[in-house]
Amino acid sequence: MPRTREEILRERRQLRTQYGLLFDSLAALLFRHDPIGIAFDNENIDEYEPEAGTILPRLRSCESPADALHAVHEEFVRWFDADTAGPEEQYAKIASEIWQLWMTHRLPAPDDKSDS
């Protein structure tokens, strides 16, 4: 059953609450790389928010940049189909940058004293 616009927007708000700036950073990264070619001459910088929303939860189970690459490519295949998404290798730079964002997000800030 298709979700309503309100359900989709509520889910995105929840993702923003859960992941904070990481959600917006990931969506912006995807928009900048534009792997599907939908961002050209487009002012809607939220074009890749749906994909960011399905990639982020999958990163929790990734243990390496290679895992992130598989997850990112699989999500683009799921959203667009294999022909439109293209080969996994095409996502290597994107996945590397996503992995760096994820590692920064997962690591505590240098002044975090929660372990003390």
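Figure 1. Glutamate 97 is buried, because its relative accessible area is 19% and buried means under 20% (exposed, over 50%; partly exposed, in between; 1.4 Å probe, protein chains only). This residue belongs to helix α6, residues 92–106; helices (H or I, at least four residues) and strands (E, at least two) are DSSP runs numbered from the N terminus. The side chain of glutamate 97 forms a polar contact of 3.1 Å with the side chain of histidine 33. A polar contact is a pair of N or O atoms within 3.5 Å; within protein, one must be able to donate a hydrogen and the other to accept it, and residues adjacent in sequence count only if both atoms are side-chain atoms. Leaving aside residues up to four places away in sequence, glutamate 97 touches Leu29, Arg32 and His33, where contact means heavy atoms within 4.5 Å.

The model is predicted: local features need pLDDT of at least 70 and side-chain atom pairs pLDDT 80 or more, whereas totals for chains, interfaces and linings use all residues. Residues are numbered from 1 along each chain as its sequence is written, and side-chain values use heavy atoms, with hydrogens and water left out.

**Figure 2. Burial of helix α3.** Helix α3 is mostly covered, with eight of its 11 residues buried. The buried residues are Glu49, Glu51, Ala52, Gly53, Thr54, Ile55, Leu56 and Leu59. Their cover includes α1 (5–19), α2 (21–33), α4 and α6.

**Figure 3. Crossing of helices α3 and α4.** The axes of α3 (residues 49–59) and α4 (residues 65–80) come within 10 Å and cross at roughly 145 degrees. Axes are lines fitted to C-alpha atoms, for helices over the stretch in contact, and angles run from 0 to 180 degrees between N-to-C directions. On the α3 side, the contact is made by Pro50, Glu51, Thr54, Ile55, Arg58 and Leu59; the α4 residues include Ala68, Val72, Phe76 and Trp79. By class, this contact has nine nonpolar, one polar and five charged residues. Ala, Val, Leu, Ile, Met, Phe, Trp, Tyr, Cys and Pro count as nonpolar, Asp, Glu, Lys and Arg as charged, and the others, Gly among them, as polar.

**Figure 4. The chain around these views.** The protein chain has six helices and zero strands. Buried residues make up 35% of its 116 residues. Along its principal axes, the C-alpha trace spans about 50 × 35 × 30 Å. Among contacts between residues at least 6 apart in sequence, 58% join residues at least 24 apart.
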